[in-house]
Amino acid sequence: MPTFTYVAQDRSGKRQTGTMNADSRQTATKSLQRRGYKVQSVKVQSGVKGGPSARTKVRSVDLLVFTRQLSTIVNAGLPLLQGLDILAEQTEDEKFALVIKDIGAQVETGETFSEALKKFPRSFPDLFVSMVRAGEAGGDLDGVLLQLADYIEKTEDLKRRIKSAMMYPMIAFSMILLIAGGLVIFVVPQFATMFEGAGAKLPLPTQILLNVSRTLRSPKAFVVLGVLIAAFVALRMYSRTPVGRYQFDALKLRLPIFGKLLRKVAVSRFTRTLSTLTRSGVPILQAMEIVERTSGNEVFAKVVREAADSVRNGETLAEPLAHSGEFPAMVTRMISVGEKTGALESMLLKISDFYDSEVEAAVDGLTSMIEPLLIALMGIVVGSIVIALFMPILKMSELAGA
């Protein structure tokens, strides 16, 4: 049962505050009124069992549905509070429903919608809150919510494409390792017994394969595995430090095949986020700070931070981006033209749409290219093992025939 905090006045006019358990906010209000209290506010207490927590995380798909539906409700002329009540009732995620109810209760007590959202940073990121605040100030909340819904939808679509591009080679490569490991650990020892019984001198590839098989089946394998796990954990811990995160992100951008794709993703995310924020009325410097936090790559975050400093000193945005060397020349020149003509927002949106299509084409091309490469790799690995095993057998057959 949710816990509610209340503010009320008793019969003597004295201010009373406290907490109480009730099935709903309406039930809690009626209970206080029966005591003779004049109720001023009743809201779900955050951070307690049964109530929403500031750490409550919302799935992107739920946030997308919430944003688009709330935009439709506000655009239709319904009051914001009524819209929040409707969405709280029809939201399937119970935790998210509690968050929406708590936001509605805070708005009812006089807080702005953006301030209520700000109390749930894991449900509503900085970008969301800043755009809503700008929409409230400009009287265009429904338009800003629609922009947010489009932004979330585009961002999620981009994430799905990247995951699909990364997932297939990872699964296929893991299968290759499992097949090769199974052959070396379970099949090769059967041939080793036969070779030892024959007493013939083994070719070098076969001897190497047998040595690898013995190592993997001996206690040394656990030592090697332990070293690999320790190295992996150490690298993970280092990658979470500021210096390590920057170095790993820089390395990702220099990868032979995936580096170009990740760079295009970073450029698309930068331009779309900045365009969405500036179009909704968020000041450019505040927008740059949000873009820095949501860049997803420390290399680009550093470039954005330095560009924000330049803009703060009265310089253009395009110049520091061009000097960084991380943005393609086409991007910086289009931004420069946008700044000079006063059409920066639309120019950023065009760049983002272009790079979204580039990412889509790159993902399709990557998938079609990786599939034959992985099949060829599997053939080489398995074929090498089979050839190494059959080389002594063929040699012994030749000697027997002679």
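Which residues form one aromatic cluster? That was my opening entry, and I kept in mind that this is a predicted model.

**Entry: the aromatic cluster.** I found Phe 66, Phe 96, Phe 124 and Phe 128 together in one aromatic cluster.

**Entry: one pair up close.** I picked Phe 96 and Phe 124. Their ring centres sit 6.2 Å apart and their planes meet at 45°, so I noted the pair as tilted. Next I checked where the two residues lie. Phe 96 belongs to helix H4 (residues 94-108), while Phe 124 is in the loop between helix H5 (113-118) and helix H6 (126-138), so this pair ties together parts 28 residues apart in sequence.

**Entry: buried or exposed?** I looked up both rings' residues. Phe 96 has a relative accessible area of 2%, and since buried means under 20%, I put Phe 96 down as buried. Phe 124 comes out at 1% relative accessibility, so that one is buried too.

**Entry: cavities.** How many cavities of 30 Å³ or more does the structure hold? I got one. The largest cavity has about 40 Å³ of space in it. I listed its lining as Ala 266, Phe 270, Val 291, Ser 295, Phe 300 and Val 304. Helix H11 (258-279) and helix H13 (298-312) are the elements that each give two or more residues to that lining.

**Entry: what the lining is made of.** I sorted the lining residues of the largest cavity by type and got five nonpolar, one polar and no charged.

Key:
Residues are numbered from 1 along each chain as its sequence is written. This is a predicted model: local features need pLDDT of at least 70, side-chain atom pairs count only at pLDDT 80 or more; totals for chains, interfaces and linings use all residues. Side-chain values use heavy atoms; hydrogens and water are left out. On a 1 Å grid over the protein atoms alone, a cavity is a set of points where a 1.4 Å probe fits but cannot get out, and a pocket is an open set with protein on both sides within 12 Å along at least five of seven lines; lining residues have an atom within 4 Å of a point. Grid points are joined across faces, edges and corners, and a volume is the space filled by probe spheres set on the points. Helices (H or I, at least four residues) and strands (E, at least two) are DSSP runs, numbered from the N terminus. Ala, Val, Leu, Ile, Met, Phe, Trp, Tyr, Cys and Pro count as nonpolar, Asp, Glu, Lys and Arg as charged, and the others, Gly among them, as polar. Rings of Phe, Tyr and Trp (its six-membered ring) pair if their centres lie within 6.5 Å; planes under 30 degrees apart count as stacked, over 60 as edge-to-face and the rest as tilted. Buried means under 20% relative accessible area, exposed over 50%, partly exposed in between (1.4 Å probe, protein chains only).
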